Amino acid sequence: MQRVGPLSELPGLLREFGVRPSTVFRHVGLAADALADRDARVSYADGAALLSACVQTTGCRHFGLLAGSRWRLEHVGLPGEITGSCATVGEALETFTTYQWLNSSGGVAFLGREGGTTSLGYAIFELGLNAGIDQIYDMTMAIGVRMIRELTGKPGWSPAQLAISRTRPDDVAPYRRFFAAPIQFDAEASALHFPSTFEATRVPSGDDTRRRVLEAKLLAGGREAMLPKLHRMIRVAMIFGLTSGDEVASAMALTRRTFNRRLAEYGTTFQDALRTVRFDVAQQLLRETTLSIGDIAGALGYAEPSAFVRAFRHWTRTTPGAWRELATIRAPR
């Protein structure tokens, strides 16, 4: 499920294009007032289909970018309040990525640091999604920039570089205007990159006492279910080149024995979950980017492209190249 949050801006955007929101909502099977309450929930697939329908109806190929550019911390409720009460940008981003799962069961925000560069990214792990992926990545990358601009009170802030896991759009001008940074399309993962020293920037609204109170309130709400958490952790681990059960179990603060026992209770194993996530991400990268088969194999954690091709044949009875060609023909644009 997906908290309505940033999607609540879609009706206003549609009206600006002269489109009646109810018409688009009905097209994807949503009630006319489905986005009226920011705290309401819609399925992740419905949210993706809605973004895709907005593009088709308005003819605006960067509709997701426009939606993300209107995002505010208040759109994510309590996690947003906690993020805004942190002392520094680094603390705020740590907090946001820690609690973001409360707002979405189909995509994960992640934070990485390497060689003096911080990466704030987003990856989809919703299974079976085949429409609106490009718009989701456009929207979430814009959200990342909007969040940092709001946290710092710097409306002109831009990342040093931006990567988006989608094909290069015909018109890149809207992206260049909003992000004001070098953009890499057809990337293995979607993320904003900026100097890690920027994490020390103070957040004007920081209030440690308020943060502790809000976190206590949030933690009282319960924990994330095991399987969604596992899929989320595998997706992030894959981005950082980690695909072993021991590594994922450690990231979930579990011993391997406890990890295996918990999965057995759900009737699955780590290898089953890894195969499921790999297959879904393979489809996303084949359909949404022009990355080579070798690059996709590497992104999925395979040592050799041939191992990926064999696995893909087992999943689909066809090759990745043949699957991509057919998916491209069928893809709604």
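Glu 215 has a relative accessibility of 18% and therefore counts as buried (buried means under 20% relative accessible area, exposed over 50%, partly exposed in between, with a 1.4 Å probe and protein chains only). The residue belongs to helix 9, residues 208-219. Helices (H or I, at least four residues) and strands (E, at least two) are DSSP runs, numbered from the N terminus. Apart from neighbours within four places in sequence, Glu 215 touches Ile 82, Thr 95 and Tyr 99, where contact means heavy atoms within 4.5 Å.

The model is predicted: local features need pLDDT of at least 70, side-chain atom pairs count only at pLDDT 80 or more, and totals for chains, interfaces and linings use all residues. Residues are numbered from 1 along each chain as its sequence is written, and side-chain values use heavy atoms, with hydrogens and water left out.

There are 16 aromatic pairs in the structure. Rings of Phe, Tyr and Trp (its six-membered ring) pair if their centres lie within 6.5 Å; planes under 30 degrees apart count as stacked, over 60 as edge-to-face and the rest as tilted. Two of the pairs are tabulated here.

| Pair | Centre to centre | Angle between planes | Class |
|---|---|---|---|
| Trp 71 and Phe 96 | 6.3 Å | 85° | edge-to-face |
| Phe 279 and Trp 315 | 5.0 Å | 45° | tilted |

Trp 71 is in the loop between helix 4 (63-68) and helix 5 (78-84), and Phe 96 is in helix 6 (residues 89-99), so their pair ties together parts 25 residues apart in sequence. Trp 71 and Phe 96 are both buried. Phe 279 comes from helix 13 (residues 270-288) and Trp 315 from helix 15 (residues 305-316), so this pair ties together parts 36 residues apart in sequence. Phe 279, at 23% relative accessibility, counts as partly exposed. One aromatic cluster consists of Phe 279, Tyr 302, Phe 308, Phe 312, Trp 315 and Trp 323.

Tyr 302 also has Arg 278 over its face, 4.1 Å from the ring centre. A charge sits over a ring if NZ of Lys or CZ of Arg is within 6 Å of the ring centre and within 35 degrees of the ring normal. The charged end of Arg 149 is placed over the ring of Phe 178, at 4.9 Å from its centre.

Five strands make an open, mixed sheet in the order 3-4-7-5-6; two strands pair if DSSP finds at least two bridges between them. Strand 3 (107-114) and strand 6 (183-184) are at the edges with a single partner strand each, so one side of each has no neighbour in the sheet. Strand 3 runs antiparallel to strand 4 (residues 117-124), joined by eight bridges.
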